[in-house]
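Here are my notes on the model, as numbered points. Please read them with the structure open.

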Amino acid sequence: MTAPSVPLKAGPRTAETAGPPGRSLVSRLASGASGGVLRVFLILVALLWVTPTVGLLASSFRDPTDIADSGWWDVFSKPSQLTTESYSTLLGKEVITDSLLNTIYITVPATLIVIVIGSMAGYAFAWMDFKGRDWWFLAVVALLVVPVQIALIPMSDLFGDLGIFGSITGVVLFHVGFGLPFAIFLLRNFFAEIPRELLEAARLDGAGEIRLFTTVILPLGGPAIASLGIFQFLWVWNDMLVALVFSDSDSRPLTVALTEQTRQFSGNIETLAPGAFISMVIPLAVFFAFQRQFVSGVMAGAVK
Amino acid sequence: MASQLATAGGPANPVPPAGKRKSVMGTRPWVAGLFLLPAIVLLGALVVYPIGYSVWRSLYDADGSGFVGLGNYGDLFSDDATFTAVKNTAIWVAVAPALVTGLGLIFAVLTERVRWSTAFKLVIFMPMAISMLAAGIIFRLVYEADPDQGVANAVVVGVHDTFAESSVYPKARPSAVSDLKASGGGSFTSTGTVRAGSPALLPLVGIAPNKVPGSPGDAKAAESSGDGVSGTVWLDFKLGGGGAKGAVDAGEKALPGIEVEAVRDGKVVASAKAGDDGTFTLPASADGAQLRLPASNFAAAYNGVDWLGPSLVTPAIIGAYAWMWAGFAMVLIAAGLAGVDRNLLEAARVDGANEWQVFRRVTIPLLAPVLVVVLITLMINVMKIFDLIYIIAPQPTQDEANVLALQLYNSYTGGGGNLGLASAIGVVLLLLVMPVMIVNIRRLRRERRR
């Protein structure tokens, strides 16, 4: 196991704190050689990591006969196999286009409502004085790790009584409920860092709570709200379980529509591959556009 | 833990300083109430109430009429299906977080000084962005049993065939007119013996002429070759029929690569491989021996590993999970690594520690807090794992791959659904994450007091 030693030895920082003279040449030679090995190893790992996704992508651009005939890696030797036929077939199906729209109808409100209600509560917890404030906040923190599974059965009963079982409203409500603890936790911590002087100055100018909230807290809380928004958006967009339980054939999002396809798998890669890829496009775009906020949001939110 | 994660997550979400903050000058309590009301109502109705309901419901039987006490919890362990789920959840919790954290640690340490580490991290982290559904579909494709479809088996078969010779003609057999008879174990031996100077004819059938692997050329009758024994192995059949049985006719395909052994008194005295025109030549020592086509010519092709079969389905899905989450562990550990004091490492080196010892005795202990956070986060995540198994495990082996969250869903929706048992599973899942909940609360209170 020489591998872990490599990065510790090689690189610029060792130069500043170089060991006794005479060792450096040897270690430089050693790290040069193992640096090559390291590079090859990392490239292999990276290839291993992208291969599954490339497989899906390549499969989604082949027609069913080619898929049945040979592996997706054939497209590299026969690029003529590439076709967008599977995509046009898929997007011609009403089931798919409807469910794609449903995904948007579910994700957008579930994200916005969590942001609005979460920032209001976050502001109250950070800057307002009321009895039992810390206890209430502790209760919210306790809810951070509650598994969604525990609410599936009670909520189907409740939603059934309210007449929203199987509707988009029900799915959105459920996502809001389980998105809120993290939203409040994240935003309260961020809002509490806003300098007191800013709030006091605004207050001296005669601003009320609502004006403080909209003109000071929300603009300054931007970065945290962005992280939260991205995270909540992806969490809802990628959700399958909640929608599987609470949506019906008119309100089901793309993930559920595709899940039904997986139940009879091997025959229909030509549906699943482009379908899965369409469901991945938005998350991947978000990922590449907002890497920073995405990473911090996912890391902070992984407790869910 | 959540707060620690939030700190590690970057500048966006620091933990606020301690100390009692006063409100921004005289907020009236009812204003605070208004700001909090929507959140409190929604959390109460959607998160708190269900917990109470589930606990209560778990004490009743399937249709909710009879009180059974803790009976449903007992069934968790006595019922076969749910017990498999309990067992598999335990396997997941024991294996997956450790595996993912290990991978994350290796990647974080190895990329620390690589210039293109950002690109590498991007590649490893990317699967975090996609849904478990998409990841599931991706890995069903990877694990497809057919080596011509699934890349995992394509690699396994490729490696296998490189080291163990594979047979090219699994379905071929001697034609009825030939002298070759089955001689046990899948091989065929001639009843008569061969003589130098009179070429042997070994006609085979059983393959469609247009499906012969490698599309070889036509066969050629072997010429006698002096002292040696010569002969032809070919496909004694051509499309459209015609030609005499047992004779090499124009248009009949050669079967190159077939191994021919000369056997005398049960011992192999010589062997040769058929060439591109189907002919082979054995040395003079084969004179008077019987000819045998060993079984290796006809062995069924190796088809790789049954990834999603009963015995491997859980490890296979854990592999898919590691693919998704290694990036998460890597990024967190890399953030922790950046905060490690270089002077401590250097001091250890000056004291004569080698790099492995520095890593093992200094770096790892310094990283311990981060590693614990990563492990616990992953454990919570893994306890609730559902989508990946639901998508990847095929119907016939889904029972073998069962976990608690999936069993809850099945008890709830499946035929003969048992809401009492499903509720009990939900409560168990909550109890499993309870320790983390308590740690979260205690950390927060400690921060307040400071």
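1. Start with the spacing in chain B. The centres of domain 1 of chain B and domain 2 of chain B, taken over C-alpha atoms, are separated by 62 Å. This is a predicted model, so that value, like the others below, is computed from predicted coordinates.

2. The bounds behind that distance come from a domain assignment. In chain B, domain 1 is made of the segments 2-16, 27-143 and 308-449. Domain 2 of chain B covers 173-297.

3. Chain A is also divided. Its domain 1 runs over 5-60, and its domain 2 over 93-301. Where these two meet, domain 1 of chain A supplies 4 residues and domain 2 of chain A supplies 5 residues. On the domain 1 side, 2 residues are nonpolar and 2 are polar; no charged residues take part.

4. Now the interface between the chains. Chain A puts 98 residues in contact with 99 residues of chain B. Helix 10 of chain A (residues 168-191) gives the largest share of the chain A side, 12 residues. By class, that side holds 69 nonpolar, 21 polar and 8 charged residues.

5. Next, the nonpolar cores. The largest has 172 residues. Those touching the most other members are A:Ala276, B:Ile317, B:Ala329, B:Leu388 and B:Ile389. Helix 10 of chain A is the top contributor to this core, with 16 residues.

6. Look closely at B:Ile389. Leaving out residues up to four places away in sequence, B:Ile389 touches B:Ile317, B:Ala401, B:Val403 and B:Leu406. Another core, of 30 residues, lies apart from the largest one. Its members include B:Val233, B:Trp234, B:Val248 and B:Val260.

7. Chain B has an open sheet. Its 5 strands follow the order 2-3-9-6-7, with antiparallel pairing. Which strands stand at the edges? They are strand 2 (180-182) and strand 7 (267-273) of chain B. Each has a single partner strand, so one side of each is left without a neighbour in the sheet. From one strand to the next, the twist averages 30°.

8. One strand pair deserves a check by eye. In chain B, strand 6 (residues 259-264) runs antiparallel to strand 7, and 6 bridges join the two. Across this pair, B:Arg264 stands opposite B:Lys267 in strand 7 of chain B.

Technical notes
Residues are numbered from 1 along each chain as its sequence is written. Chains are lettered from A and ligands numbered from 1 in the order in which they are written. This is a predicted model: local features need pLDDT of at least 70, side-chain atom pairs count only at pLDDT 80 or more; totals for chains, interfaces and linings use all residues. Two strands pair if DSSP finds at least two bridges between them. Helices (H or I, at least four residues) and strands (E, at least two) are DSSP runs, numbered from the N terminus. Axes are lines fitted to C-alpha atoms, for helices over the stretch in contact, and angles run from 0 to 180 degrees between N-to-C directions. Two residues are in contact if their C-beta atoms, placed from the backbone, lie within 7 Å. Ala, Val, Leu, Ile, Met, Phe, Trp, Tyr, Cys and Pro count as nonpolar, Asp, Glu, Lys and Arg as charged, and the others, Gly among them, as polar. A nonpolar core is a set of buried Ala, Val, Leu, Ile, Met, Phe, Trp, Tyr and Cys residues joined through C-beta atoms within 7 Å. A residue is buried if 20 or more other C-beta atoms lie within 10 Å of its own, exposed if 12 or fewer, and partly exposed in between; C-beta atoms are placed from the backbone. Domain bounds come from an automatic or database domain assignment.
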